[in-house]
2 protein chains.
Amino acid sequence: MDNLKEFFSIDPGIIFLNHGSFGASPKPVFSTYQSWQARLEKQPVLFLGRELDGLLFIAREKLGEYLHASPNDLVFIPNATHGVNIIARSLNLAQGDVILTTDHEYGACEYAWEFVCNQAGVEFRRQKISLPLVSDEQIVEEFWQGVDERTRIIYLSMITSPTAIRLPIEEICARAKEFGITTVIDAAHAPGQINMDLEKLNADIVFGNCHKWMLCPKGAAFLFVRNELQNSIKPLVVSWGSHPTTETTTGSRFIDNLQWTGTRDPAASLSVPAAIEFMGEHHWDEVRIKCHDILRIAISNICDLVQMEPLYSLDSKYFSQMGIAPIPISDLIKLKSELYDQYKVEVPFIQWNGRQFVRISVQGYNSIDDLEVLIKGLSELLPKVGKE
Amino acid sequence: MDNLKEFFSIDPGIIFLNHGSFGASPKPVFSTYQSWQARLEKQPVLFLGRELDGLLFIAREKLGEYLHASPNDLVFIPNATHGVNIIARSLNLAQGDVILTTDHEYGACEYAWEFVCNQAGVEFRRQKISLPLVSDEQIVEEFWQGVDERTRIIYLSMITSPTAIRLPIEEICARAKEFGITTVIDAAHAPGQINMDLEKLNADIVFGNCHKWMLCPKGAAFLFVRNELQNSIKPLVVSWGSHPTTETTTGSRFIDNLQWTGTRDPAASLSVPAAIEFMGEHHWDEVRIKCHDILRIAISNICDLVQMEPLYSLDSKYFSQMGIAPIPISDLIKLKSELYDQYKVEVPFIQWNGRQFVRISVQGYNSIDDLEVLIKGLSELLPKVGKE
């Protein structure tokens with residue numbers, strides 16, 4: 001797996017254990033990305049005005065195959081944050097309605113929901129999911145205690161951001177369907193890190209990033225909306241597509257409304273097929289298993305070091321290439337900066353519900369050596385770095 | 001001026017007379033653009049998480065010098081369409097209010113206003129500005145006939161899109177100020193094509209593209225909001241900046257709210273200083289004059305060819321590097337495709353209020369020869385291409 005490092009542009013002087021925040025794109029995909037930009041510059045009107053819709057359709061087709069979804073139910077967006085903003089403003093919520101979520105969600109997306117909830121008099125309810133995790137059944141039961149007759153939307157991360165947990169969303173989506181509750185899934189960290197099958201998942205709405213674990217350049221993400229709900233989705237950026245003509249329509253009101261948001265560089269979306277191809281060529285299922293294996297060992301070693309219990313069983317399916325290990329309460333700003341300055345380790349520390357974690361991402365360009373430097377750094381710094 | 005052609009990547013087999021739709025970026029600026037992207041890929045967390053705000057401030061400073069505005073009153077957005085969407089949703093309009101505009105505005109932006117107006121019971125009123133133009137006084141008087149006690153917003157293009165007219169917005173902004181009417185200026189086509197001085201203009205809100213006439217790569221645009229109004233501007237994409245911390249704030253609520261819209265490639269915005277530098281090095285004021293001169297001759301020749309009057313006096317200041325010439329009513333789809341297929345000329349034809357125009361853009365990479373091919377093409381095709 002070590003030889004994959006050469007495919008990435010990550011500074012060799014940095015031990016990069018934070019793929020989770022912004023991803024990283026391998027050179028062949030990045031090169032495809034910049035080639036699309038060069039092609040645009042050769043004839044901007046031909047490219048953006050006449051070729052783009054067809055090219056985006058091809059990219060949506062490839063993404064659809066990868067995610068098990070129809071290209072007509074997928075539209076490219078710049079990132080998951082755009083996705084939550086589009087959805088939060090599209091759902092016609094009434095005063096007193098409840099959006100139920102967990103206490104493991106991504107802050108920026110919570111802000112988007114709260115912005116809309118405050119205007120509409122809707123409750124954004126965070127249901128506690130206890131750590132350490134015990135079982136899918138316990139997670140589902142604990143979450144479902146938040147459901148009542150006012151619950152209109154269930155909003156969940158497929159893989160949570162602060163705690164890196166693969167939630168059992170399949171079970172929750174199935175139960176929500178029985179109760180007629182709309183499910184909105186934030187898959188920011190999911191595609192590429194786990195195999196996604198949108199058909200089997202059967203959620204109503206899913207948005208996710210291609211620029212994290214799918215290795216695309218920044219600005220590639222998707223919004224999936226189940227066909228029956230597509231007419232209710234309003235564009236965040238109203239543009240030409242809100243009034244398509246017979247010459248300009250893509251044939252779908254959903255795609256027309258959301259695909260064109262004014263002049264921008266569409267190269268990230270167009271590079272999605274190259275990223276899928278790269279993962280295929282390099283047997284990404286195997287890469288993921290190897291990454292998971294060294295991550296599991298690292299979390300286990302950190303737990304031993306700090307003499308604390310892991311947040312989930314290390315042979316569970318609750319994490320893939322991104323996981324958390326507990327650390328004793330420390331001055332996280334100091335810890336982070338000293339780890340970066342002295343050990344060149346880029347890794348995020350998380351403050352969550354009064355606890356602290358290190359959130360480790362392992363990608364194809366990492367090796368066990370990287371994890372060993374992290375552990376060495378933690379072992380030397382944690383005793384020195386006091387409480388905040 | 002001919003030697004400027006080598007700086008651009010435009011396909012040498014195409015006579016590109018449509019800079020106005022999407023712009024075109026010279027090679028040194030494009031190369032800076034792609035270098036920012038490479039720098040991002042080297043250490044995404046350092047770049048996007050820790051360096052970006054400072055780098056964007058430097059770019060806003062350079063843009064501010066160029067536009068005569070404080071960097072604190074400017075925020076980067078992807079394009080003017082985003083600008084109008086942000087503003088239309090931020091202004092607290094009440095039922096019965098009127099937004100006054102002209103009948104020369106850009107369709108996509110009108111759709112954004114109408115989307116909001118339909119929800120709020122606000123009238124979007126298009127005031128006729130007659131062609132041919134006579135004088136600034138007549139334009140202002142004709143426009144002002146649309147003002148009444150319900151007029152809350154005046155929305156105007158600095159340079160109109162379908163008709164390529166430099167409107168006398170200075171006079172209209174000054175009069176609006178006397179009447180307490182908020183002015184919103186769409187400068188999509190202005191920066192780079194004309195000298196902009198936001199201080200002198202004294203409009204309340206201005207958005208414009210850097211990727212058209214300022215020669216930036218696609219996705220570079222700005223929103224200017226007068227300091228006193230900044231607190232009323234709501235983010236279109238609610239993200240981290242809606243709840244900044246002492247560590248993450250830029251020091252401005254306006255910038256915090258609008259600058260970060262989730263992970264995306266910020267290279268286009270960061271290339272704005274390189275574009276300003278390129279224009280400076282190549283004496284862009286002179287380039288513009290030369291472009292204007294050959295455009296004036298071309299419009300005059302087309303008017304002679306079709307035996308129709310120009311839409312404005314050809315020694316007026318109503319056009320700069322983009323202008324329109326009238327053509328007899330034709331099948332525009334056929335005319336456009338035959339001109340492209342047979343003469344390799346990329347130029348837009350406009351259907352506007354029952355009339356038809358060719359809208360010609362002349363940029364530094366064009367020569368008088370390009371205009372001659374256009375005129376030859378029109379002279380041969382117009383007699384053959386029937387009415388629609």
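## Chain A at a glance

Of the 388 residues of chain A, 52% count as buried. The model is a predicted one. Chain A holds 14 helices and twelve strands. Its C-alpha trace spans about 65 × 55 × 35 Å along the principal axes.

How does the radius of gyration of chain A agree with that of a compact globule? For 388 residues, a compact globule would come near 21 Å, and chain A has 21 Å, so the two agree. Contacts also reach along the sequence. Take the contacts in chain A between residues at least 6 apart: 72% of them join residues at least 24 apart.

## Two copies, one axis

Two copies of a chain are related by a rotation about an axis and a shift along it. The same surface serves both copies, since 100% of the contact residues of chain A recur in chain B.

## Where the chains touch

In the contact between the chains, 51 residues of chain A meet 51 residues of chain B. Which helices of chain A each supply at least two residues to the side that touches chain B? They are α1 (19-22), α2 (27-42), α3 (44-67), α4 (80-90) and α5 (107-120) of chain A. The largest share comes from α2(A), with seven residues. By type, the side of chain A that touches chain B has 22 nonpolar, 22 polar and seven charged residues.

## The seven-stranded sheet of chain A

Strands of a sheet pair through backbone hydrogen bonds, either parallel or antiparallel. In chain A, seven strands form an open sheet with mixed pairing, in the order β2-β8-β7-β6-β5-β3-β4. The edges are β2 (74-77) and β4 (123-127) of chain A. Each has a single partner strand, so one side of each is left without a neighbour in the sheet. Direction ignored, neighbouring strands of this sheet are turned by 20° against each other on average.

Strand β3 (residues 98-102) of chain A runs parallel to β4(A), and five bridges join them. Within this pair, A:T102 stands opposite A:Q127 in β4(A). Two helices pack on the sheet. α4(A) touches β2, β6 (182-187), β7 (205-209) and β8 (221-225) of chain A, and its direction makes about 155° with that of β7(A). α5(A) touches β3, β4, β5 (151-157) and β6 of chain A, and its direction makes about 145° with that of β4(A).

## A covered strand: β8 of chain A

How many of the five residues of β8(A) are buried? Five of its five residues are, and the strand is mostly covered. Both faces of β8(A) are covered. A:A221, A:L223 and A:V225 lie on one side, A:F222 and A:F224 on the other, and all are buried.

β8(A) has antiparallel links to two strands. Four bridges join β2(A) to β8(A), and five join β7(A) to β8(A). A:F224 takes part in both pairings. It is the bridge partner of A:L74, and A:V206 stands opposite it as well.

## A buried cysteine in chain B

Now look at chain B. B:C216 sits in the loop between β7 (205-209) and β8 (221-225) of chain B. Is B:C216 buried or exposed? It has 33 C-beta neighbours inside 10 Å, so B:C216 counts as buried; the cut-off is 20 or more.

Leaving out residues up to four places away in sequence, B:C216 touches B:S25, B:V29, B:C210, B:H211, B:A268, B:S271, B:V272 and B:A275. B:I276 lies 60 residues away from B:C216 along the chain, yet their C-alpha atoms are separated by 8.8 Å.

## The three-stranded sheet of chain B

Chain B has an open sheet of three strands with antiparallel pairing, in the order β9-β12-β11. Its edge strands, β9 (322-327) and β11 (349-352) of chain B, each pair on one side only. The twist averages 35° from one strand to the next.

Six bridges hold the antiparallel pairing of β9(B) with strand β12 (residues 355-361) of chain B. One bridge partner of note is B:R359 in β12(B), which pairs with B:I324. Helix α12 (residues 284-306) of chain B packs on this sheet and touches β9 and β12 of chain B. The direction of α12(B) makes about 5° with that of β9(B).

Key. Residues numbered from 1 in each chain as written. Chains lettered and ligands numbered in written order. Predicted model: local features only at pLDDT ≥ 70, side-chain atom pairs only at ≥ 80, totals over all residues. Rg over C-alpha atoms; globule rule 2.2 N^0.38 Å. Buried ≥ 20, exposed ≤ 12 C-beta atoms within 10 Å, placed from the backbone. Contact = placed C-beta atoms within 7 Å. Nonpolar A, V, L, I, M, F, W, Y, C, P; charged D, E, K, R; others polar. Pairing = 2+ DSSP bridges. Axes fitted to C-alpha atoms, helices over the stretch in contact; angles between N-to-C directions.
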